[in-house]
Amino acid sequence: MRRGGQVLIFDADDTLWENNVLFERVIDDFLDWMEHPTLDRAEIRLILDDIEAANAVAHGYGSKIFLRSLAECLSRLRERPATAAESRRIEELAVALLDHRVELIPGVAETLSELGERHELLLLTKGDGDEQQRKIDASALAHHFRSVHIVAEKNVDVYQRLAEEHRLALETTWMIGNSPKSDILPARMAGMNAVFIPNDSTWVLEQAELDPADNGVLRVRRFPELLDHF
Ligand SMILES: [Mg+2]
């Protein structure tokens, strides 16, 4: 059954376009390159995850911080700083990220067009301001949204501020995204409804347990299925 006249707030990375899979490809290449006498691939990946988690807290998100995490991981494994040649190699591995190519998830543009006829659409994405803006520009999707918000972190305060700023009625407002940690849980804490659209390549740091009994969370498998509900 479709609901009319709702406010739909969309996440961007891994909801509208692929993002984490690009990082995963770079990490695979990095792990191929990082041979270590005692640590295997999975162990090196855990070290990198720890470094990324610490850097996310200290410095935020984005490809520049990711490159820094790779260099720190190399430095920890080699027990010395990365050389200039190694730093160049890391940048070469990450060229697809630095180019800001955007690959839309199938059906996104058509679905947003149709949803925009019946509902008010907003965009809420976290990360480096310039980098997120470049991806939004490359996506050619911005015209679907009444407003676009780029924030450093998506926590309950951000959702509450957005609701106040736009005078949103919480019972008819939905946060739509792939991340339990950044999209679903804080939006629910702020009193909004949520739609969880899992992405096969969601970043490990974005994963969290969702309560299967929470009736305020709708789950859909593919983006175009939003049209069955809204
Ligand atoms: Mg996302």
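## Close-up views of a predicted model

View 1. The whole model is predicted. G4 belongs to the segment that precedes β1. Along the chain, G4 and R188 are 184 residues apart, and 20 Å separates their C-alpha atoms. G4 is also one of the residues touched by H119.

**View 2. H119 between α6 and β4.** H119 sits in the loop that links α6 to β4. Its relative accessible area is 8%, so H119 is buried, the limit being under 20%. Beyond four places in sequence, H119 touches R3, G4, G5, Q6, L8 and F230. R167 is 48 residues away from H119 along the chain, with 15 Å between the two C-alpha atoms.

**View 3. The magnesium site.** Three residues coordinate the magnesium ion: D11 through OD, D13 through O and N178 through OD1. The distances run from 2.1 to 2.2 Å. Along the sequence the donor residues follow the spacing D-x1-D-x164-N. D11 is buried, at 6% relative accessible area. D13 is buried too, at 14%.

**View 4. D14 in the loop from β1 to β2.** D14 lies in the loop between β1 and β2, the latter spanning residues 17–18. With a relative accessible area of 7%, D14 is buried. Its contacts beyond four places in sequence are N19, N20, V21, I105, N178, N199 and S201. One of these, N178, is also a magnesium donor, through OD1. D14 and D200 stand 186 residues apart in sequence, yet their C-alpha atoms are 9.0 Å apart in space.

**View 5. The largest nonpolar core.** This core holds 24 residues. Those with the most contacts inside it are F10, L16, L112, V195 and L226. The largest share, 3 residues, comes from α6. In soluble globular proteins, nonpolar side chains tend to be buried together.

**View 6. The surroundings of L16.** What does L16 contact, once its neighbours within four places in sequence are left aside? The partners are F10, D11, L104, I105, V108, L112, L123, L141, F145 and F223. Among them, F10 and L112 are, like L16, listed with the most contacts inside the largest core. D11, another partner, is a donor to the magnesium ion. I105 is in contact with L16 and also with D14.

View 7. β6 is mostly covered, with 5 of its 5 residues buried. T173, M175 and G177 point one way from the strand. W174 and I176 point the other way. β1 pairs with β6 in the parallel sense, over 4 bridges. Within that pairing, F10 stands opposite I176. β6 also runs parallel to β7, joined by 4 bridges. There, M175 has A194 as its bridge partner.

**View 8. The buried residues of helix α9.** Which residues of α9 (residues 180–189) are buried? They are P180, S182, D183, I184, P186 and A187. These buried residues pack against β4, α8 (156–165), β6, β7 (193–196) and β8 (217–219). After α9 comes G191, with a positive phi near 95°.

**View 9. Helices α1 and α4 crossing.** The axes of α1 (residues 20–33) and α4 (residues 84–93) come within 9 Å. They cross at roughly 145°. From α1, the contact uses V26, D29, F30 and W33. From α4, E86, R89, I90 and L93 meet them. By class, the contact has 5 nonpolar, no polar and 3 charged residues. An α-helix has 3.6 residues a turn, so residues three or four places apart point the same way.

**View 10. The second core.** A second, separate core has 22 residues. Among them are F30, I44, L48 and A94. F30 also takes part in the contact of α1 with α4.

Key. Residues numbered from 1 in each chain as written. Predicted model: local features only at pLDDT ≥ 70, side-chain atom pairs only at ≥ 80, totals over all residues. Heavy atoms only, no water. Axes fitted to C-alpha atoms, helices over the stretch in contact; angles between N-to-C directions. Helix = DSSP H or I, 4+ residues; strand = E, 2+ residues; numbered from the N terminus. Contact = heavy atoms within 4.5 Å. Nonpolar A, V, L, I, M, F, W, Y, C, P; charged D, E, K, R; others polar. Donors = N, O, S within 2.8 Å, 3.2 Å for Na, K, Ca; no water. Buried < 20%, exposed > 50% of the residue type's maximum accessible area, 1.4 Å probe, protein only. Core = buried A, V, L, I, M, F, W, Y, C linked by side-chain atoms within 4.5 Å. Pairing = 2+ DSSP bridges.
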